[in-house]
Amino acid sequence: MKAGGGGYSLQGCKVNDAGDLKPVVGQYRKAFLGRPWFPYARTVYMESFLDDLVDPQGWLDSWGFNQTACCEEYKNSRPGSSTDQRVNWPGYQVITDPDTVKQFIVSDFITGNKWLLKSGMPFVPEFLSS
């Protein structure tokens with residue numbers, strides 16, 4: 001995979017349907033965690049709640065970038081977090097090593113410790129769980 005660049009790092013998120021959609025959620029296709037829009041796109045979900053509305057394959061390739069995209073998951077929870085049926089792409093991985101995923105936490109990925117404090121925006125600079 002190509003190193004560097006940017007992407008999306010989602011930590012401590014809650015991916016679920018809105019309460020008013022619960023009665024009709026079964027009538028629609030399940031949701032995906034993401035789909036790479038560009039070559040070398042990167043998306044990481046960490047320590048997030050993934051409800052059962054997440055499609056078991058997790059990721060969708062709408063534009064043909066599945067050979068170069070990085071789609072990663074680390075310590076997610078709930079029914080949609082099962083990785084048993086996830087895509088089989090070269091850049092998809094379940095990260096198990098905290099040292100590997102540390103580069104995507106706020107303090108490292110966007111150097112949040114240096115500027116977010118001044119903004120007043122609440123954030124968690126490290127892992128949510130040990």
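Which residue forms a salt bridge with Arg42? It is Glu72, and the closest N and O atoms of the two are 3.1 Å apart. A salt bridge here means a side-chain nitrogen of Lys or Arg within 4 Å of a carboxyl oxygen of Asp or Glu. The pair links distant parts of the chain, with Arg42 in strand β3 and Glu72 in strand β5, 30 residues apart. Strands are DSSP runs of E with at least two residues, helices are runs of H or I with at least four, and both are numbered from the N terminus.

Before going on, the ground rules. This is a predicted model, where local features need pLDDT of at least 70 and side-chain atom pairs count only at pLDDT 80 or more, while totals for chains, interfaces and linings use all residues. Residues are numbered from 1 along each chain as its sequence is written, and side-chain values use heavy atoms, with hydrogens and water left out.

Back to Glu72. Is Glu72 buried or exposed? Glu72 counts as buried because its relative accessibility is 2%. The cut-offs are under 20% relative accessible area for buried, over 50% for exposed, and partly exposed in between, with a 1.4 Å probe and protein chains only. Leaving aside neighbours within four places in sequence, Glu72 is in contact (heavy atoms within 4.5 Å) with several residues, including Arg42, Tyr45, Trp59 and Phe104.

Next, the other salt bridges; the count comes to four. One of them joins Arg86 and Glu73, with 2.7 Å from N to O. Arg86 lies in the loop between β5 and β6 and Glu73 in strand β5, so this pair ties together parts that are 13 residues apart in sequence. Arg86 is buried at 8%, and Glu73 is buried at 2%. Lys22 and Asp17 also meet in a salt bridge, at 3.0 Å. There, Lys22 is partly exposed at 47%, whereas Asp17 is buried at 12%.

Now the rings. A search of the whole structure finds four aromatic pairs. Rings of Phe, Tyr and Trp (its six-membered ring) pair if their centres lie within 6.5 Å; planes under 30 degrees apart count as stacked, over 60 as edge-to-face, and the rest as tilted. Tyr45 and Trp59 form an edge-to-face pair, 6.0 Å centre to centre with 65° between the planes. Tyr45 is in strand β3 and Trp59 in the loop between β4 and β5, 14 residues apart. Both Tyr45 and Trp59 are buried.
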